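This report goes through the two chains one after the other and then turns to where they touch. The sequence and the model come first.

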Amino acid sequence: MPVSSATPASLYNPQFMDHVNNPDYNYQLEDPTHVHEGVNPSCGDDLIFSIRLGEDGRIEEAAYQGHGCAISQASADMMSDLMIDKTPEEALELCDLFERMVRGEVEDEAELERLEDAALLCDIAHMPARVKCAELAWRTLSEMLTKEDEA
Amino acid sequence: MSLTADELRQIEESPFKADFPLLAENPQITFLDSAATAQRPATVLDAERRFYETMNANPLRGLYGLSVAATAAIEDARTRIARFIGALDGKGKPETNQVVFTRNTSESLNLVAHTLPAVVKLGPGDEVVISIMEHHSNLIPWQQVCRQTGATLVYLRPDSDFRITAAEIEAKIGPAAKIVSVTQVSNVLGVENPVKEIAARAHEMGAVCVVDGAQSVPHIPVDVRELGCDLLAFSGHKLGGPMGIGVLWGKKELLEAMPPFLTGGEMIDSVSETDAVWAPIPAKFEAGTQDAAGSYATDAAIAYLQKHGMEALEQRERLLATYLADSLEALPYVNVIGPADGARHVGAVAFNVNGVHPHDVASILDMQGVCIRAGHHCAQPLLTWLGELSTCRASVAFYNDKADIDKLVSALDMVWSVFHAR
């Protein structure tokens with residue numbers, strides 16, 4: 001009978017909850033080069049994601065603001081941390097890897113190590129109703145970099 | 001209000017769960033989402049199968065025994081439904097032909113929204129009155145109607161105690177009102193609206209009164225004569241029937257005046273190259289092959305409720321809802337959205353856990369086998385009016401018991417501790 005295979009302790013673990021309760025990247029970024037807003041209308045999740053691209057073509061700083069569930073917020077915090085020092089191409093590749101993970105399409109678990117803390121969200125693949133929450137930040141970043149929205 | 005020791009004893013253990021295969025076979029599941037859809041007793045599942053095994057043929061047009069049996073099965077279901085909602089004529093005969101089968105409450109209400117405006121000649125300057133508590137199914141169709149006809153959509157709003165007052169009814173339902181369409185029970189707040197008073201006022205102003213009974217018919221005895229409404233819509237799946245069966249009951253002269261909603265097979269008397277003559281009601285509104293097995297199984301679902309008595313089931317649900325609201329109110333970190341008095345909740349209690357998004361609450365409850373709804377409950381204007389983006393909603397039916405609600409409470413304690421670990 002379909003009772004979730006995840007347990008509160010497995011997904012909402014202390015490391016995950018630390019991103020929720022003590023986020024490092026939840027603030028307004030000064031001098032951003034790119035800003036993009038993402039929403040999940042059905043959940044009321046709303047996220048504004050900003051980055052500053054350095055002269056070396058790498059992401060110098062990333063930050064987000066907005067509100068939503070713990071999964072969307074923790075996911076944004078984990079993603080921000082991961083994106084520092086990445087090029088837009090590398091960032092898009094990681095966004096793609098994350099999307100594949102939450103859709104249960106990654107077979108080689110070793111590949112997930114590249115997502116660092118964000119790999120904690122792999123249980124989402126068994127929770128279809130929460131995929132959109134987990135994806136919000138990544139979808140927002142990916143849209144931002146694809147559309148080249150200038151701040 | 002809190003329950004007495006005797007009342008608590010009455011909800012101690014559910015004598016009904018054994019009749020519901022999903023509940024009986026899955027004790028690890030705590031189902032508190034009956035406002036979304038009910039569980040079905042074995043008699044309903046058996047009926048669906050029995051239809052296909054013993055009387056499967058296309059009803060209505062058949063000239064052979066099987067088809068006659070299928071037709072009789074549908075007509076028997078209509079008769080039971082008519083009696084169940086008090087649709088009896090002056091001589092006490094069930095108004096069988098005034099029971100129209102649809103797919104669900106949404107389709108019943110869409111049927112009305114597409115066909116009633118022509119009958120009342122709705123136009124600019126006229127008003128359609130609904131309440132802010134409507135499910136999207138009784139809201140978007142009227143938005144569309146007003147957009148197309150130039151009529152104005154007017155909202156009845158409850159006071160701070162979640163009651164639509166007599167003054168509000170008088171103020172909002174005026175001479176310009178042509179259609180008044182309200183939900184009898186809110187699917188979010190669980191409160192019962194004064195539909196009888198609303199229907200009386202609507203008629204005083206010359207308007208037609210439509211009632212959304214999706215959340216009331218499964219839980220409280222509903223009598224259309226007593227309510228005084230002109231049309232009533234509800235779903236079979238919320239009262240233990242299969243998914244895919246909706247009902248629309250209406251007054252004879254209205255149903256006869258309303259044009260068909262869908263056209264095609266089975267709904268005509270005769271067709272020529274340029275014209276068609278509609279079949280009498282209810283066939284006029286039932287184009288194409290109907291879900292006859294579903295209607296037959298809905299009959300069985302209502303028979304199950306009648307066997308135990310709607311008054312007795314209502315009484316039990318009232319105790320369960322009171323215990324649910326009381327238990328939630330007692331949690332310091334929970335905020336109940338709606339009346340604090342549990343006895344005012346028909347099945348559903350909306351709430352939030354302070355600082356925790358309803359989707360996280362629902363996920364952590366799910367991990368413990370507890371099923372509740374979280375989100376906007378297809379009532380976004382109500383949530384906006386309440387100042388909420390989304391809420392949790394737990395809802396009970398007679399097959400629940402005290403242990404289900406105690407499980408919800410301990411699962412909520414887990415939610416709180418996950419978010420406040422030291």
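A residue counts as buried if 20 or more other C-beta atoms lie within 10 Å of its own, as exposed if there are 12 or fewer, and as partly exposed in between, with C-beta atoms placed from the backbone. Gly206(B) is exposed, with 11 other C-beta atoms within 10 Å.

The model is predicted: local features need pLDDT of at least 70, side-chain atom pairs count only at pLDDT 80 or more, and totals for chains, interfaces and linings use all residues. Residues are numbered from 1 along each chain as its sequence is written, while chains are lettered from A and ligands numbered from 1 in the order in which they are written.

**The two chains**

Helices (H or I, at least four residues) and strands (E, at least two) are DSSP runs, numbered from the N terminus. Two residues are in contact if their C-beta atoms, placed from the backbone, lie within 7 Å.

Of the contacts in chain A with a separation of 6 or more, 63% are between residues 24 or more positions apart.

In chain B, residues 24 or more positions apart account for 68% of the contacts with a separation of 6 or more.

**The sheet of chain A**

Two strands pair if DSSP finds at least two bridges between them. In chain A, 3 strands form an open sheet in the order E1-E2-E3, with antiparallel pairing. Strand E1 (34-40) and strand E3 (59-67) of chain A are at the edges with a single partner strand each, so one side of each has no neighbour in the sheet. From one strand to the next the twist averages 15 degrees.

Strand E2 (residues 45-53) of chain A pairs with E3(A) in the antiparallel sense over 8 bridges. Ile48(A) stands opposite Gln65(A) in E3(A). Helix H3 (residues 70-83) of chain A packs on the sheet and touches E2 and E3 of chain A. The direction of H3(A) makes about 170 degrees with that of E3(A); axes are lines fitted to C-alpha atoms, for helices over the stretch in contact, and angles run from 0 to 180 degrees between N-to-C directions.

**Inside chain B**

Strand E7 (residues 231-235) of chain B has 5 of its 5 residues buried, so it is largely enclosed by the rest of the structure. Leu231(B), Ala233(B) and Ser235(B) are buried on one side of E7(B), and Leu232(B) and Phe234(B) on the other.

Strand E6 (residues 208-212) of chain B pairs with E7(B) in the parallel sense over 3 bridges, and the bridge partner of Val210(B) in E7(B) is Leu231(B). E7(B) also runs antiparallel to strand E8 (residues 246-250) of chain B, joined by 5 bridges. Here Leu232(B) stands opposite Trp249(B) in E8(B).

Gly206(B) lies in the loop between helix H8 (195-204) and E6 of chain B. It is 178 residues from Thr384(B) in sequence and 31 Å from it in space, C-alpha to C-alpha.

Helix H11 (residues 292-308) of chain B is mostly covered, with 13 of its 17 residues buried. Gly309(B), whose phi is positive, near 90 degrees, follows H11(B).

**Where the chains touch**

Which elements give two or more residues to the side of chain B that touches chain A? In total, 17 residues of chain B are in contact with 19 residues of chain A. The elements in question are helix H13 (358-366) and helix H15 (402-419) of chain B. H13(B) gives the largest share of this side, 5 residues.
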